[in-house]
Amino acid sequence: MSCGFCHVGPSPVNPPADPENPKWENLSSIVGAQYFWVDRILAWESDSSSFPVQIFQTYRPGTLDTSLISSDSINNPRTMNAFYGLPARMEVAKRWGTETLAGGNLNNKQLNDFIHAGPLTQYFQPPSTVETPRILKDGSDSVGVLGALNRVYLNIGLFSEEWLLHFRPLVGGEPISPIEIAVANKNSAYWGATQQQTPDLALFLLKSSLGHSLKDATGGDAYLTKDNAKLQRGKIVFAERCARCHSSKIPTPAAGLDPGGCSGKNYMDCWNKYWAWTKTDDFKSKMRAIVLQPDFLKDNYLSTDQRVPVTLLQTNACSPLATNAIAGNIWGDFSSQTYKDLPSVGSITVYDPFTGAPSQYNMPAGGRGYTRPPSLISVWSTAPYLLNNSVGNFDPNPSVATRMGTFEDAIEKMLWPEKRDKDSVLGDKIPGVIDRTTQTSYIRIAPGYLPDFLKPLLGLGQRFFPWLFRNDEVVLGPVPKGTPVELLSNIDLLGESTAPQDQLKHQEQVLNLLLKMKHDLAALPPGTSDAEADKVFANLVPGLLQLSKCPDYIVNRGHYFGTSYFQEEPGLSDDDKRALIEYLKTF
């Protein structure tokens with residue numbers, strides 16, 4: 001149940017005739033909860049004038065922000081992973097997944113602790129070297145398979161009496177510290193019992209992770225081309241443009257990556273060498289030969305599981321900017337030293353959400369700035385696309401015909417990005433959509449959730465006589481309709497520096513901004529129009545932009561490979577794009 005809530009969904013090849021009444025054979029335990037609507041689950045019969053509800057409405061179906069409770073002050077809804085091709089993924093880990101553990105990382109259980117013979121004993125070399133898949137989208141789960149599984153249970157409530165001591169739930173604003181495996185080992189029998197059972201879960205996932213083929217779906221064969229020449233051309237296009245990130249079968253040796261994958265402080269040097277090689281005739285000729293083999297798709301994870309810099313992807317940067325796994329943060333014991341040593345990827349272009357003006361944002365080092373490519377196994381069934389399901393129109397019907405309609409819509413928008421949704425306010429001034437509030441809303445915070453440095457937001461009665469004002473709350477608003485949601489959800493309450501004097505200065509800056517927001521917006525008379533509220537809110541925008549922990553507000557941009565939007569290579573012809581789409585259907 002704990003896993004199924006986020007990872008069970010309708011079977012792509014045997015979907016239920018009635019989605020409201022599926023039978024067991026209509027469900028799959030590995031596809032991910034593609035039809036999971038967070039706002040309907042967490043805010044049933046919700047009040048859209050509540051700003052948290054506006055946040056939940058940015059969670060597209062099939063996405064969830066797993067840092068919602070242990071908040072990192074970034075709104076980050078991301079797709080729930082499918083468990084496809086795990087045996088092949090473990091082979092990728094042996095080739096490119098070498099990570100070094102240090103400190104609390106070393107307390108993670110490894111497969112060798114439970115399995116003493118056979119191939120699964122190869123993934124840990126004492127005292128501190130592990131070969132591992134990168135599980136989370138930012139590549140931070142990097143301490144071994146069992147560590148990745150065990151961490152999830154902490155994040156959904158296991159040993160919560162300890163976990164909740166390390167952060168202020170939901171609101172944040174207090175210093176975060178790592179939950180230590182050593183403490184869990186000492187004080188939680190439930191944690192110990194979980195560690196004993198996750199090896200069996202890992203074995204189950206390895207056995208059950210076969211992909212779903214369109215040819216095996218009811219009526220699926222009708223969607224597959226019979227034009228062998230087009231299919232052959234699609235294979236060539238895939239080899240030359242896609243396989244470098246979306247194949248676990250890559251020519252050997254892979255420049256920059258072999259042996260071991262190269263990571264840590266010199267990773268960008270290695271990655272740049274690899275990327276340059278993938279644009280050469282040497283790589284392309286070898287890759288074509290591999291893709292044209294009849295068994296290319298067999299035992300192929302269809303991803304390299306490498307960490308790709310967001311500067312290259314140009315996708316929304318909030319996921320790569322997540323801080324929960326960096327040194328000293330809540331999941332510090334579950335991310336490798338290799339991850340923590342990663343260099344900065346450089347700077348990205350971000351856009352003012354009110355004017356559209358571009359500016360540069362320097363990405364920090366220490367693990368942030370990367371995304372591991374998703375597997376393309378069963379890609380025909382997993383649309384919409386990108387890590388937040390923002391490209392493609394969602395349809396709640398899980399039938400094969402509906403999935404194919406969603407696939408066609410989403411894959412066209414991936415390969416013809418000019419077809420993607422545009423922002424309702426800025427239109428063509430920016431490359432995509434900003435999630436904006438759908439109506440006037442208010443931020444309401446119970447006094448007990450406020451961090452100490454924000455207590456001045458309370459009235460004098462609430463601060464000094466709380467027993468008389470126990471039902472009062474802090475109210476910030478009205479927030480006008482059309483306000484970028486992440487402009488408020490991404491306020492960095494803590495700041496980057498850990499130096500006490502810097503933290504105090506940052507807290508003062510945050511408090512002054514919120515006091516101004518509370519005063520200016522509360523001064524608006526009842527019935528004020530959004531247009532009038534916008535004028536007042538506009539005075540707050542510079543301060544909000546300055547304090548943003550992720551100032552990238554465009555959710556559906558990036559991954560322009562093969563299109564005219566990608567400056568490093570010529571865009572594919574329409575015929576080549578169509579051929580590629582036909583080949584992708586066979587995955």
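In what order do the three strands of the open sheet lie? This is a predicted model, and in it the order is E5-E7-E6, with antiparallel pairing. Strand E5, residues 98-100, and strand E6, residues 124-125, are the edge strands, each pairing on one side only. Two bridges connect E6 with strand E7, residues 129-131; Phe124 has Val130 in E7 as its bridge partner.

I turn next to a helix pair. Helix H5 (residues 145-155) packs against helix H8 (residues 189-208) at an angle of about 125 degrees, and their axes are 9 Å apart. H5 is therefore oblique to H8, and their crossing is right-handed. The residues that meet include Leu146, Leu149 and Tyr153 in H5, and Trp191, Leu201 and Leu205 in H8. By class, this contact comprises 10 nonpolar and four polar residues, with no charged ones.

Finally, the backbone. Most residues other than glycine have a negative phi, and most peptide bonds are trans. Against that background, the bond joining Asp258 and Pro259 is cis, with omega about -5 degrees; Pro259 is in the loop between helix H9 and helix H10. The peptide bond from Gly477 to Pro478 is also cis, with omega near 10 degrees, and Pro478 is found in strand E13.

Asp299 has a positive phi, near 55 degrees, and lies in the loop between helix H11 and strand E8. Asp299 is exposed, at 61% relative accessible area. Gln314 has a positive phi near 60 degrees; Gln314 is partly exposed, at 28%.

Technical notes: Residues are numbered from 1 along each chain as its sequence is written. This is a predicted model: local features need pLDDT of at least 70, side-chain atom pairs count only at pLDDT 80 or more; totals for chains, interfaces and linings use all residues. Side-chain values use heavy atoms; hydrogens and water are left out. Two strands pair if DSSP finds at least two bridges between them. Helices (H or I, at least four residues) and strands (E, at least two) are DSSP runs, numbered from the N terminus. Axes are lines fitted to C-alpha atoms, for helices over the stretch in contact, and angles run from 0 to 180 degrees between N-to-C directions. Angles under 35 degrees count as roughly parallel, over 145 as roughly antiparallel, 65 to 115 as roughly perpendicular and the rest as oblique. A crossing is left-handed if the near helix is turned anticlockwise from the far one by less than a right angle, and right-handed if clockwise. Contact means heavy atoms within 4.5 Å. Ala, Val, Leu, Ile, Met, Phe, Trp, Tyr, Cys and Pro count as nonpolar, Asp, Glu, Lys and Arg as charged, and the others, Gly among them, as polar. Buried means under 20% relative accessible area, exposed over 50%, partly exposed in between (1.4 Å probe, protein chains only).
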